[in-house]
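I opened this model to look up the ligand site first.

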Amino acid sequence: MSKIREEGVIDPFSVLIDLENGTMPEPSNRITRKASDMRGYYADGKALEELITSGNDPLHYEVLERPVPQARGHLMYCISRLMPGRVGEELFMTKGHYHSVKETAEIYLCLGGEGYMAMKTAGGAWAVERMERGRMVYVPPTWAHRSINTGREILSSFCVYPGEAGHNYGDIEKEGFPKRIFMKGGRIVME
Ligand code: F6R
Ligand code: ZN
């Protein structure tokens, strides 16, 4: 018998999350960002070009998901996996974004690896939170967010955010973040 559903209403489902390895074994979507997708984001553009050409354009990060409708009432969720590495002295990071609907928050539950979540508002506020296995970072509404991998393992998180949130990358592409995170002389520095 066919089921009558209201618009945006879907059937319940479940999906396996591999907590030990910080991954989703059977995603239906895999979004990838390679070094060549990161042009303009790092301080050392020359080092990035070297990584693209001599380093064979390595995977920077991937987002694994089984999407749900991008509509109010739904909860989007995904696994975000950021590789370890450096562009010059700057540690690998995600592009970072504001949510298009500014009133939407996000939860990142870190499943493995170590790093930081850098956050900023359009009004000039700035914050950074530690990411490590078992730690949850709450990104409040209006805060742009970017994760940075400071360790040697993949920095993996389970993310949840409202279905209608959307992603605004353009503003961060223009503004950047007030601070960058580097590995200098074996030490992690923020400047
Ligand atoms: C979703 C979210 C994460 C990121 C992912 C990749 O709102 O914040 O799932 O999308 O960590 O980072 P971006 O989207 O900045 O390339
Ligand atoms: Zn987000």
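I began with the strands at the site. Strand S2 (59-65), strand S3 (75-82), strand S7 (106-112) and strand S12 (155-162) each give at least two residues to the shell around ligand 1. Strands here are DSSP E runs of at least two residues, helices H or I runs of at least four, numbered from the N terminus.

The model is predicted: local features need pLDDT of at least 70, side-chain atom pairs pLDDT 80 or more, while totals for chains, interfaces and linings use all residues. Residues are numbered from 1 along each chain as written, chains are lettered from A and ligands numbered from 1 in written order, and side-chain values use heavy atoms, without hydrogens and water.

I listed the shell next. Ligand 1 is surrounded by 16 residues, and Tyr61, Glu106, Tyr108, His167 and Tyr169 are the closest. A residue counts as near if one of its heavy atoms lies within 4 Å.

I then checked polar contacts to ligand 1 (N or O pairs within 3.5 Å). A polar side-chain atom of Glu106 is 2.7 Å from a ligand 1 oxygen. For Ser80, a polar side-chain atom lies 2.8 Å from an oxygen atom of ligand 1. Gly96 has a polar backbone atom 2.8 Å from an oxygen atom of ligand 1. The protein covers 96% of the 390 Å² of accessible area that ligand 1 has on its own (Shrake-Rupley, 1.4 Å probe).

Last, I looked at phi. Most residues other than glycine have a negative phi. Asn56 is not a glycine, yet its phi is positive, about 65°. Thr142, also not a glycine, has a positive phi of about 75°.

Terms used: Polar contact = N/O pair within 3.5 Å; in protein donor to acceptor, adjacent residues only side chain to side chain.
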